[in-house]
Amino acid sequence: LRDNVMEYGELADLIHEYNATVINNRLAYDEYRGKSHDDLKNAYQDLADQMYESSDRLLDSVNEDQPGYGAAAAQAALSRVQAEQNQDLADAQNEDGAIKKLEYERAEAELVQQAQTKMISYWQKEAARPSLEAACALAESQYEAASLRAGAGMLSQAELLAAGEKAESARAALHTNEKEQDALRGELCVLLGWAHDASPEIRPVPIPTEEELAGICLEEDLERAEAVNYVQRANEGRLKYTSAGGNQREIMEKRIAAGAQNIRADVSAKHRLLEQAREQYSQAQMEWELAESQMASAGMQQELGMISVNQYREKQAESAGKKAAFDQAGLSLRQAFEDYIWSVNGLAAAE
C-alpha cells in the first residue's frame with residue numbers, strides 16, 4: 001500500500017490502515033474490547049454515582065450566606081443533571097463489546113463504500129472530458145463560422161450572439177467538470193490517508209465482468225443479507241439485554257421484525273437497479289458502435305468534399321458523446337454492482 005497509487009482493489013485496505021476515523025474507532029474500541037453488558041452498565045452507573053456525590057459535596061461545602069454560593073449551586077445543579085443522564089444510560093444500557101465492534105465495523109464498511117463511490121464519480125468525470133472537449137471545439141468552430149457569415153451580412157446579430165453563448169456554455173461545462181473532478185481527487189486523498197493536495201496516480205475502475213454478474217443468485221443473497229446485516233445483528237444483540245415485558249422490548253422486537261423485511265426489500269431493489277444498469281450498458285455499447293461507424297462514413301464523405309468540416313465535426317462530437325455515455329454506463333454498472341454487493345454484505349437499509 002505504500003506507493004503513490006490509488007487502486008480500486010486496494011480501497012478497503014487503504015481505509016483500514018490510513019483513514020483517520022477508522023484509526024480513532026480502533027483506539028476507542030480498545031475501551032470496549034471483551035466487555036460484557038454488565039461492565040458497560042456498571043461504567044455508566046459509576047459515572048452517575050460520582051456525579052451525584054460531586055453535587056452533594058458542592059452543596060455541603062457552602063451555605064446561602066457565603067460568597068460564591070450561587071456559582072456553587074449552579075455547578076451542583078449541572079453535576080446533578082449529568083448524573084441523571086448517566087443514570088438513564090445505565091438503566092437503558094443494552095450493549096456489550098461485541099455490539100460496539102459491529103458498530104465500528106459498519107462504519108468502516110460505509111467508508112469503503114464511500115471511497116468506491118467517489119472513485120467511480122472521479123472516473124465518470126474523466127469519461128465525460130473527451131465529449132465535453134469535442135462539444136467545446138464544435139461550438140467554437142460554429143461560432144467562428146457564424147462570425148464570418150455575420151460579417152458578410154448573412155447572419156443577424158442575435159444569431160451570432162446565440163452562437164457565442166453556445167460556445168461559452170460549452171467552455172463552462174468543461175471547466176465545471178474539471179473542478180468537480182479535482183474536488184473528488186482531494187476528497188479521495190483525505191479518505192485514503194494522503195494529504196488533501198497530494199497527487200497520487202488514480203488507476204481506472206474496472207467494469208464488472210460477465211462472470212461476476214452471472215455469479216449473482218438473488219435468493220441466496222437475500223438469506224445472506226439478513227444474516228450478516230450490521231444493524232440487524234446489533235439489534236438482535238440489544239434484544240438480549242432489554243428487559244422482558246416492557247415497552248422497550250416490544251419496540252425492539254418490532255424493529256427486528258421490520259428490519260428483516262426492510263433488508264429483503266432493499267436487496268431486491270438494488271438487484272433490479274443492477275439489472276437495469278446492465279441493460280443500459282449493453283444499449284450504450286450498441287449506440288457507440290453505431291456512432292463510430294457513422295463517423296467513419298462521414299470522414300470519407302468529408303475527404304470527397306461531400307460534407308463540410310463542421311458537419312464532420314458534428315459527427316465527431318456525436319461519436320465522442322456516445323463513447324462518453326458508454327464509458328459512464330460501464331461505471332454506473334460498477335456502482336450498481338457495488339451497491340448490490342454491499343447490501344448483501346451487511347449494509348442493506350434495515351431501518
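How many helices and how many strands does the protein chain have? In this predicted model, the protein chain holds eleven helices and two strands. If you start at the N terminus and walk along, the order of elements is β-α-α-α-α-α-α-β-α-α-α-α-α. The radius of gyration of the protein chain is 31 Å, well over the 20 Å that the globule rule gives for 351 residues, so the chain is more spread out than a compact globule. You can follow this on the C-alpha trace, which spans about 100 × 60 × 40 Å along its principal axes.

Now let's turn to how the chain packs. Among contacts in the protein chain with a separation of 6 or more, 81% are between residues 24 or more positions apart. Of the 351 residues, 37% count as buried. The accessible surface of the protein chain comes to about 19600 Å², and carbon and sulfur atoms account for 50% of that area.

Charge is the next thing to look at. The protein chain carries 62 negative side chains and 35 positive ones. The centres of these two sets lie 1 Å apart.

You will find Gln116 in helix α5, which covers residues 97-151. Is Gln116 buried or exposed? Its relative accessible area is 9%, and because buried means under 20%, Gln116 counts as buried. Which residues is Gln116 in contact with, leaving aside its neighbours within four places in sequence? They are Tyr8 and Leu11, together with Glu338 and Trp342.

How values were computed
Residues are numbered from 1 along each chain as its sequence is written. This is a predicted model: local features need pLDDT of at least 70, side-chain atom pairs count only at pLDDT 80 or more; totals for chains, interfaces and linings use all residues. Side-chain values use heavy atoms; hydrogens and water are left out. Helices (H or I, at least four residues) and strands (E, at least two) are DSSP runs, numbered from the N terminus. The radius of gyration is taken over C-alpha atoms; the globule rule is 2.2 Å times the number of residues to the power 0.38. Buried means under 20% relative accessible area, exposed over 50%, partly exposed in between (1.4 Å probe, protein chains only). Contact means heavy atoms within 4.5 Å. Accessible areas come from the Shrake-Rupley method with a 1.4 Å probe; for residues, only the protein chains shown count as cover. Lys and Arg count as positive and Asp and Glu as negative; His and the chain ends are not counted. The place of a charge is taken as NZ of Lys, CZ of Arg, CG of Asp or CD of Glu.
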